[in-house]
Amino acid sequence: MTKFNDQLAQVQGPEWLTAKRKESLELFTALDVPQENVEAWKYTRVDVDFDALRPHGKRDVVSDVSALPQSVQDRLTGTDVGAFLVLDGPDVVYRTELPAELKAKGVIFTDLKTAVEQHADKVQQYLYSVVPAEVPDDTTIAAPGTTPSKSPDPSEGKFSALAAALWTNGAFVYVPRGVEVELPLGSFRVMSDAGTYTATRTLVVAEENAQVTFIDEQDSEALPGTYAIGAVELVVKDAARVRYVSIQNWGEGVTHIQRQRGDVGRDATLNSLVVTMGGTLSRTEMQSYLRGQGSNSEMLALYFANRDQHFDHYTLQHHAAPNAYSDLLYKGVNNDASVGVFSGMIKVDLGAQKTDAYQKHRTLMLSSDARNFSVPQLEINANDVRCSHGSTTSPVDQEALFFLRSRGIAREVAEKMLVTAFLEDVLGRVPLKSVVKYIEGIIARKVGAA
Amino acid sequence: MTHQLEIRNLHATVGDTEILKGINLIVPRGELHAIMGPNGNGKSTLAKVIVGDPEYTVTQGEVLVDGQNILEMEPDERARLGVFLAFQYPVEIPGVTIANFLRLAMQARKAEGEEVSFTEFYGKLQSALKTLEWDESIVERYLNAGFSGGEKKRNEILQMLMLEPNYIIMDETDSGLDVDALKIVARGVNSMRGPSLGGLIITHYQRLLDYIVPDKVHIIVNGKVVQTGGPELAKKLDSEGYDWVKELATA
């Protein structure tokens with residue numbers, strides 16, 4: 001691990017941060033990669049030789065969009081984000097500025113490295129507060145005398161420790177109290193160096209009654225043996241509204257491991273959408289910690305796995321306060337020899353009365369070689385709650401298929417229509433026209449190639 | 001080529017049960033024939049077998065469309081040959097808009113490399129929606145999702161008008177429709193009537209036939225055509241009920 005120590009020396013920062021990084025690296029070194037006996041990682045093995053990993057090469061900052069990779073340029077022409085960062089590998093290579101009126105209201109949108117320098121107090125207050133190096137301890141609070149829930153396994157912190165120690169850059173968003181940011185903000189992450197890793201970090205802070213949407217997109221060409229390790233922290237203060245969208249469309253060969261977690265205050269709302277389309281192995285965690293009374297979390301996801309893709313989605317709806325509402329809908333398609341894993345946990349602490357928590361996972365299986373593992377779980381310690389979870393796996397609806405064919409549409413086209421419709425259903429709940437259009441494009445390409 | 005839909009000694013089963021027991025029918029283009037009969041005697045099965053519903057197995061007989069046996073064809077091939085079933089229970093497909101669905105169905109009828117033009121699509125659509133007294137915004141909705149029974153039936157007629165089939169089969173399109181919806185559906189069908197359109201109007205009641213007057217009426221009982229007559233036969237059924245035709249089947 002001396003190599004990682006060298007890398008630690010490369011990532012600069014003030015003393016508090018350097019200390020935190022060092023501590024995180026020690027944790028990383030001490031932990032094993034999670035094995036099969038760890039419930040939350042039962043169906044997903046990450047085979048990685050850390051000693052052989054080198055960091056993604058640095059890329060030059062460009063002053064004009066035309067110098068960016070073509071795929072990024074294409075994407076940027078179709079986006080309506082108010083301001084964005086482009087990261088190639090470890091660092092920002094291009095950016096647009098926040099509109100002046102938002103700056104005037106105190107909104108901050110910059111990269112995390114710059115934020116550490118220019119907004120030290122804010123960053124120090126919130127960084128690592130939602131996604132620390134170690135696995136968050138979501139052990140539920142149980143009634144005295146009853147058995148508390150199983151604590152997470154320390155190894156679940158392996159990759160988050162790496163992301164905590166060696167993150168190079170990422171986005172930082174801060175929205176002051178009562179300010180509403182209308183247009184989404186976003187980061188477009190690409191990679192261009194095969195056989196390497198990147199560790200990035202995003203921090204979004206919405207103060208009381210503030211509102212913001214953040215789009216986190218990842219896209220690359222095929223990159224064999226490449227690792228993208230990420231952490232996303234969403235601080236949603238009382239009555240604030242945050243919408244977070246992550247769209248993972250890495251090229252073949254990429255292993256994507258990202259923990260995304262929101263800390264949701266009183267009467268606050270977090271809407272998340274996770275889209276997983278790319279990479280070869282993908283593990284995306286979306287966690288909502290409903291800290292405040294009356295808080296609200298909508299958790300949506302859609303994915304389409306084909307060939308030998310392995311997509312693992314881990315979700316947590318942790319109700320720590322009464323009268324909170326969470327609603328999860330994950331829909332996925334598995335084709336060819338792909339594997340889908342869904343582990344969804346609903347936790348309700350003692351005292352979190354009047355909890356409403358729903359969880360639905362729907363899988364469409366297009367191939368008999370594909371596999372799906374769906375593990376919905378409930379841990380309820382309050383006695384006045386409404387919780388439901390359910391998981392279904394089915395092939396394409398034969399009645400619908402026949403209907404389309406009876407109108408002259410060939411089987412192959414009709415199947416594609418039904419697959420698209422299955423996923424489209426989730427997008428119908430996302431009020432972001434431009435992003436939805438982009439996602440529809442990715443789905444169409446993927447369905448077309450199926 | 002004979003421009004007609006001909007059904008020759010058609011036998012079909014669902015599971016182990018034989019439902020159609022030797023149906024014979026000829027419907028030339030230019031004519032619409034009503035198919036009547038008590039429920040559960042094979043009317044809907046006949047409709048579904050013609051369009052190739054995989055739930056049914058044909059054990060004997062032929063269905064000839066303009067002289068060509070279609071029973072070995074895939075359901076979409078049959079449709080492209082001009083056979084159209086207006087379903088009794090159209091499916092809901094959330095996620096597929098009506099507009100997209102119609103465009104793809106029209107596209108399926110084009111030769112390779114030929115596209116449905118905007119003018120063609122939009123022109124047809126405007127005229128069809130006008131006939132059906134429907135607002136254009138309907139086509140942005142998902143296919144039948146959350147539609148009332150009447151809206152679903154109207155949507156079947158919209159598809160019929162857009163796809164301009166040669167042979168239509170209407171499977172109890174009138175069931176569950178109020179009189180206003182019934183008139184709209186009938187207007188849609190009548191607007192297509194002419195020398196190039198043939199078809200079967202399957203119904204249990206005379207009501208729809210007041211608006212779509214059939215050229216002939218066939219009565220199916222126990223999987224066979226037991227009587228054929230003119231429009232007056234439908235009226236007789238309406239006033240006298242089905243008991244007397246059941247006796248015909250056992251005779």
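Which residue of β6(A) is the bridge partner of A:L87? In β6(A), that partner is A:R189, and the sections below set this pair in its surroundings.

## About the model

This is a predicted model, in which local features need pLDDT of at least 70 and side-chain atom pairs count only at pLDDT 80 or more, while totals for chains, interfaces and linings use all residues. Residues are numbered from 1 along each chain as its sequence is written, and chains are lettered from A and ligands numbered from 1 in the order in which they are written.

Strand β2 (residues 83–88) of chain A and strand β6 (residues 185–191) of chain A run parallel and are joined by six bridges; helices (H or I, at least four residues) and strands (E, at least two) are DSSP runs, numbered from the N terminus, and two strands pair if DSSP finds at least two bridges between them. Both strands belong to an open sheet of 10 strands with mixed pairing, whose order is β3-β2-β6-β8-β10-β12-β14-β16-β18-β20 (chain A). At its edges are β3 (91–95) and β20 (386–394) of chain A, each of which pairs on one side only. Direction ignored, neighbouring strands of this sheet are turned by 10° against each other on average.

Helix α3 (residues 70–77) of chain A lies across β2, β6 and β8 (211–220) of chain A and runs at about 160° to β6(A); for such angles, axes are lines fitted to C-alpha atoms, for helices over the stretch in contact, and angles run from 0 to 180 degrees between N-to-C directions. Helix α9 (residues 411–427) of chain A also packs on the sheet, where it touches β14 (296–305), β16 (325–334) and β18 (356–365) of chain A, and its direction makes about 160° with that of β16(A). Touching here means contact, and two residues are in contact if their C-beta atoms, placed from the backbone, lie within 7 Å.

## Two helix pairs in chain A

The axes of helix α8 (residues 398–405) of chain A and α9(A) come within 9 Å and cross at roughly 130°. That angle makes α8(A) oblique to α9(A), since angles under 35 degrees count as roughly parallel, over 145 as roughly antiparallel, 65 to 115 as roughly perpendicular and the rest as oblique. The crossing is right-handed; a crossing is left-handed if the near helix is turned anticlockwise from the far one by less than a right angle, and right-handed if clockwise. From α8(A), A:A400, A:L401, A:L404 and A:R405 meet A:R411, A:A414, A:E415, A:M417 and A:L418 in α9(A). These contact residues divide into six nonpolar, no polar and three charged, where Ala, Val, Leu, Ile, Met, Phe, Trp, Tyr, Cys and Pro count as nonpolar, Asp, Glu, Lys and Arg as charged, and the others, Gly among them, as polar.

Helix α2 (residues 15–30) and helix α7 (residues 158–166) of chain A have axes that come within 8 Å and cross at roughly 155°, and α2(A) and α7(A) are therefore roughly antiparallel to each other. Their crossing is left-handed. The contact is made by A:R21, A:S24, A:L25, A:L27 and A:F28 of α2(A) and A:K158, A:A161, A:L162, A:A164 and A:A165 of α7(A), and by class it has seven nonpolar, one polar and two charged residues.

## A covered strand

In strand β11 (residues 254–264) of chain A, 11 of its 11 residues are buried; a residue is buried if 20 or more other C-beta atoms lie within 10 Å of its own, exposed if 12 or fewer, and partly exposed in between, with C-beta atoms placed from the backbone. In a regular strand the side chains alternate between the two faces of the sheet. Both faces of β11(A) are covered, with A:H256 among the buried residues on one side and A:I257 among those on the other.

Strand β9 (residues 226–236) of chain A runs parallel to β11(A) and is joined to it by 11 bridges, with A:R259 as the bridge partner of A:A231. Strand β13 (residues 281–290) of chain A also runs parallel to β11(A), through 10 bridges, and A:V264 stands opposite A:L290 in β13(A).

## Chain B and its contact with chain A

The contact between the chains takes 20 residues from chain B and 18 residues from chain A. By class, the side of chain B that touches chain A has 14 nonpolar, two polar and four charged residues.
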